[in-house]
Structures are given as C-alpha cells and as structure tokens.
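This report walks a new reader through one protein model, from its sheets to its cores and pockets. Please look over the sequence and the structure before reading on.

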Amino acid sequence: MFKLSNVAARLAGGYMCEIPASQQAAFGGPALTGQSGLSVISTSSSGPAASVFDPSQLGVTDPVPATQLVYYPVNHPLAQTDTQNTLFNLTSTVTGIVFPEGYASVLFFGRHGSGEYCYGNGTSDQSLAGLPSGDGATYCYDPTDASKGPHAYPYKYQVWAYSASDLLSVKNGTKQPWEIAPYSVWNFDLPFSNSNGSGHILGVAYDNASRKIYVSQKSGDLVGQYSRNPVVHVLQIDEP
C-alpha cells in the first residue's frame, strides 16, 4: 500500500489515467488518480475526484507528493445527493477517467441514477413505491436492485466532462477543488444490455496511439442462465 500526501485514501487508488505529455509540466506530474461515490459518502467524494501524482515515486518516496485537483466533500457536493438531478446523487458511481492528447477536456466515466430519488428497499412492484416496507423504511421502485439503500431508477451510463483549465486553476491555487464543475454531462448507450439494467461500468482505459477508449461494462455477456461476464466496448475519438 502506498500513501499520497494531502490526499485521503478514499479519494485515490481507484481509476487512473495518463496526463498528455504536452500538459504534464503544467499539471506538475504525469498521471491522475481518483475515487468517488463510495459507500459512506462523507469519507469519499460527492462527485468526480482526481489528484495529480507521479507513479514512478511509488515505493521510492513516502508519502508520494500529490495535489488534489477536483473533489467534493460532503459539505460541498457537486449536487444535492438525495435528489433527482442530472449531476450526482447517492446512486452515482465514477469508475473511469480519460485525458485525451490534443483535447482540453478531462472525461470521467460512470453511471448515474436519473429517476426519482428514494432511500429504502428496492422493489419491482411499482404499486408498492412509497409504502412502508416493515423495517422502518419505505419501498422504492427499482426493478434492478432490491437492496436497502439509495435508488434512482432508471440508471444511465454517464460522462462528466471537465475543462482541463479548470483543474489547472485548482492546481495553481486560484480555486478550491469543489469550486469547479463539469461543463457538460453526457448519457450514452452501449449495444449490449447488462444483467438487469443497473448500468454499472467496471473501468475505463485509453490508448493514446490509436485514440481508443476501452469501456468495461459489468454483466454484459450472458454465458449461462445465471452467469454473465463483462463486455469491453471500444470507442473511437476523432482527431482534434
């Protein structure tokens, strides 16, 4: 295990990406790492999170120098986390990051609950929605998840697009990490549905040479009646 300076453990060590060579001097390092939307949101980030660091320093310097560029503490969320909105709630997960060479955008990938927000026990019976579930909670209409927790069905694959210049403003000390916001969010579809429509992305990788983004979709490949494997989708970025 390795520690980053000035960055809480639950804000790092998840998704990672390379910073374009032309931007590394300005950002002060070659890579970004982040983690957000974890259970017990007060210990994580209520929105995308990323810090700049140098992977070659792992195991060499302790702690590894790092600078937080974007994150949202519980008192400064990207959006009110217990509401229906387009940005972020307690059903949202961020599981990938891409910083394409030649572009001025940093892209976070994940999923977002776009429907009415509800905390309680999920049910596929829409007539039960809002009724007591017998354990002090209520039923929430969510045919993809019967667990007790936050629900906002239906769920969408989502990209949070940030301006690289906004992240640099935090690095240079003119803004706080929670004072910036995505300039746009995009929902997108994948050609295979997953096991139950819950819309999880496991991870994202980027190949700068071919300008391809690889998106790992949870449970997209049916291999048996009750067994599914991930499917990796390839997205092509146009020349800038």
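Two strands are said to pair if DSSP finds at least two bridges between them, and the strands themselves, of at least two residues (E), are DSSP runs numbered from the N terminus, as are the helices (H or I, at least four residues). The model is a predicted one, in which local features need pLDDT of at least 70 and side-chain atom pairs count only at pLDDT 80 or more, while totals for chains, interfaces and linings use all residues. Residues are numbered from 1 along each chain as its sequence is written, and side-chain values use heavy atoms, with hydrogens and water left out.

An open sheet of 4 strands is arranged in the order 5-6-10-11 with antiparallel pairing, and its edge strands, strand 5 and strand 11, each pair on one side only. From one strand to the next the twist averages 25 degrees, where axes are lines fitted to C-alpha atoms, for helices over the stretch in contact, and angles run from 0 to 180 degrees between N-to-C directions. The pairings within this sheet are set out below.

Another open sheet, of 3 strands, has the order 8-7-9 and mixed pairing; its edge strands are strand 8 (139–141) and strand 9 (148–151), and its twist averages 75 degrees from one strand to the next. Strand 7 (residues 118–123) runs antiparallel to strand 9 and is joined to it by 4 bridges, with Tyr-119 having Pro-150 in strand 9 as its bridge partner.

## Cores

A nonpolar core is a set of buried Ala, Val, Leu, Ile, Met, Phe, Trp, Tyr and Cys residues joined through side-chain atoms within 4.5 Å. The largest one has 34 residues, and among those with the most contacts inside it are Phe-27, Ile-97, Phe-108 and Tyr-162. Several elements each supply at least two residues of this core, including strand 5 (93–98), strand 6 (105–113), strand 10 (155–163) and helix 2 (164–171), and the largest share, 4 residues, comes from helix 2. A second, separate core has 13 residues, including Tyr-157 and Ile-237.

Leu-202, which belongs to strand 12 (residues 201–207), is partly exposed, with a relative accessible area of 47%.

## Pockets

On a 1 Å grid over the protein atoms alone, a pocket is an open set of points where a 1.4 Å probe fits, with protein on both sides within 12 Å along at least five of seven lines, and lining residues have an atom within 4 Å of a point. The largest pocket holds about 270 Å³ of space, and of its 13 lining residues the closest to its centre include Phe-2, Lys-3 and Leu-4. The second largest pocket holds about 230 Å³, and Pro-150 is one of the residues that lie nearest its centre.

Technical notes
Buried means under 20% relative accessible area, exposed over 50%, partly exposed in between (1.4 Å probe, protein chains only). Grid points are joined across faces, edges and corners, and a volume is the space filled by probe spheres set on the points.
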